[in-house]
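Have the viewer open as you read, and we will go from the ligand site to the backbone and then to the sheets.

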Amino acid sequence: MSRLVIEGGHPLHGSIPIHGAKNAVLPILAATVLCSNGVSIIENCPELKDVAITIEILKELGAKVARSGSTLTIDARGRLGSRIPERLMRELRSSVIFMGAIVARKHKAKISMPGGCELGPRPIDLHIKALEGLGCSIKEQKGYLHIDAHKLHATQLTLDFPSVGATENIMLASCLSEGVTVVENVAQEPEIVDLANFLNAMGAKIRGAGSPRLEIEGVRRLFGTSYRIMPDRIAAVTYLCCGAVTGGSITLTEVIPAHIETALSVLSECGCQIETTENSIRLQAPARLRAPALIKTTPYPGFPTDAQSLFLALLCTTEGTGKIQEQIFKSRFKPVSELIKMGAVITVENDTAVITGVPALSGTKVFARDLRGGAALVIAGLGATGITEVENVCYIDRGYEKLEENLTRLGAVIQRKE
Ligand code: EPZ
């Protein structure tokens with residue numbers, strides 16, 4: 001298992017571009033399964049572990065996939081399978097988003113239950129309820145879901161919770177079924193809008209993406225198209241936190257500030273100067289940040305749960321005491337024990353972490369246990385005194401492209417060691 005060795009205390013300076021969004025490209029790659037009349041060209045596709053596994057799933061289903069730089073070409077015109085092997089489902093929890101796409105194309109699917117425990121249980125009851133609402137019959141047998149969708153039809157649905165994945169599965173499952181499906185209380189994340197834009201570019205008729213109400217008018221078939229993936233808003237927040245924790249001044253390009261308004265306003269509250277244009281963000285940090293008011297994670301457009309661990313690390317060395325309430329996932333405070341090893345003063349009660357700022361953290365060996373928790377440990381190491389070794393970099397590689405190269409470009413002293 002490789003590790004990242006970081007020498008803290010170097011203020012970051014300079015400019016880097018932001019790579020394509022993991023949480024947009026994964027559902028869009030699943031959506032290419034729906035295209036039986038042409039080839040899908042996906043631009044600005046990041047090189048990430050989760051993308052590599054998604055490509056393996058596409059190939060397992062029978063699609064042809066070629067990569068040239070950051071452009072993927074997917075040909076799903078042949079006869080496709082309807083099963084995803086357990087070994088791939090286990091590796092990629094979000095592979096559950098293939099369910100809707102396979103069901104729409106094949107009118108049946110067999111997938112294993114996605115694994116859980118990284119951020120707490122990862123139930124898919126909302127996905128199942130939604131697909132049953134669209135006429136699927138779903139049986140669980142020996143850890144596999146057998147889905148029969150020969151009676152797929154348009155319907156009216158309201159989600160109990162605006163689940164990102166369930167919203168994506170409904171869009172994928174219903175865009176080829178006759179009639180208009182109306183769904184209330186859907187997720188409004190920018191990645192949902194990106195998926196809807198891609199599907200519409202293929203000839204789908206989806207209205208209302210980015211609002212709480214979606215209308216999906218089924219069409220007979222979808223056609224090949226080319227599409228550029230939106231920038232990764234959580235990667236952008238990660239690099240901004242790296243700049244902020246080191247008292248540096250950095251610029252991000254190829255980014256959409258409007259996607260991370262809540263995170264930007266918290267960074268300003270912490271004392272950072274933020275200047276934005278339509279596709280760039282410049283952050284200038286003070287020597288020491290001050291604790292912001294309570295941070296509460298909520299569905300978009302609220303504060304993103306994926307930025308929660310990043311700010312947990314950032315608040316360890318602010319002046320004053322900060323509080324973060326995680327309202328989306330049941331156990332997303334895994335980095336706390338590792339940050340405490342570095343000298344942080346954090347207590348967790350139920351869904352709230354209380355972080356009492358200390359002047360500085362001290363470098364030591366810490367263990368990543370999930371993607372954003374791992375990124376949080378890198379942020380902590382960059383701001384700490386001495387050397388921090390972040391183990392289990394495989395978690396971080398799931399969602400960050402060229403992390404150590406980008407940070408080195410900004411003046412960090414960071415190395416990957418096997
Ligand atoms: C997506 O996960 C993202 N993953 C997550 O990013 C992100 O944290 C999450 O949305 C929330 O924004 C991808 O897009 C690949 P949810 P998803 O369904 O779809 C519960 C990262 O770090 N729930 O909105 O799984 C669920 O347990 C990852 O990039 C049910 O109870 O998120 C959670 O508590 C981590 N039943 C909450 O809803 C269901 O059927 C939000 O889940 C589905 C979800």
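Predicted model: local features only at pLDDT ≥ 70, side-chain atom pairs only at ≥ 80, totals over all residues.

Residues are numbered from 1 along each chain as its sequence is written, and side-chain values use heavy atoms, with hydrogens and water left out.

**Around the ligand**

Which residues come nearest to the ligand? They are Asp125, Leu126, Ser163, Asp306 and Ile328, out of 22 residues around the ligand; a residue is near a molecule if one of its heavy atoms lies within 4 Å of it.

| Residue | Protein atom | Ligand atom | Distance |
|---|---|---|---|
| Leu126 | polar backbone atom | oxygen | 2.7 Å |
| Ser163 | polar side-chain atom | oxygen | 2.7 Å |
| Val164 | polar backbone atom | oxygen | 2.9 Å |

On its own the ligand has 830 Å² of accessible area, and the protein covers 86% of it; such areas come from the Shrake-Rupley method with a 1.4 Å probe. Helix H1 (22-31), helix H5 (125-133), helix H6 (164-174) and helix H12 (371-383) are the elements that give two or more residues to the shell around the ligand. The largest share, three residues, comes from H5. Helices here are DSSP runs of H or I with at least four residues, strands are runs of E with at least two, and both are numbered from the N terminus.

By class, the shell holds ten nonpolar, six polar and six charged residues. Ala, Val, Leu, Ile, Met, Phe, Trp, Tyr, Cys and Pro count as nonpolar, Asp, Glu, Lys and Arg as charged, and the others, Gly among them, as polar.

**Backbone details**

Most residues other than glycine have a negative phi, and most peptide bonds are trans. Against that background, the peptide bond from Tyr300 to Pro301 is cis, with omega near 10°. Pro301 sits in the loop between strand S18 (295-296) and helix H10 (308-314).

Lys142 has a positive phi, near 45°, and belongs to the loop between strand S8 (137-141) and strand S9 (144-148). Is Lys142 buried or exposed? Its relative accessibility is 85%, so Lys142 counts as exposed. Asn185 also has a positive phi, about 60°, in the loop between strand S11 (180-184) and helix H7 (190-201). At 29% relative accessibility, Asn185 counts as partly exposed. Buried means under 20% relative accessible area, exposed over 50%, and partly exposed in between.

**Two open sheets**

Strands of a sheet pair through backbone hydrogen bonds, either parallel or antiparallel. Two strands pair here if DSSP finds at least two bridges between them.

Strand S19 (residues 321-325) and strand S21 (residues 352-356) pair in the antiparallel sense over five bridges, and Gln325 stands opposite Thr352 in S21.

Another open sheet of four strands runs in the order S4-S5-S3-S14, and the pairing is mixed. Its edges are strand S4 (64-68) and strand S14 (226-228), each with a single partner strand. S4 and strand S5 (residues 71-75) pair in the antiparallel sense over five bridges, with Ile74 in S5 as the bridge partner of Val65.

Terms used. Polar contact = N/O pair within 3.5 Å; in protein donor to acceptor, adjacent residues only side chain to side chain. Buried < 20%, exposed > 50% of the residue type's maximum accessible area, 1.4 Å probe, protein only.
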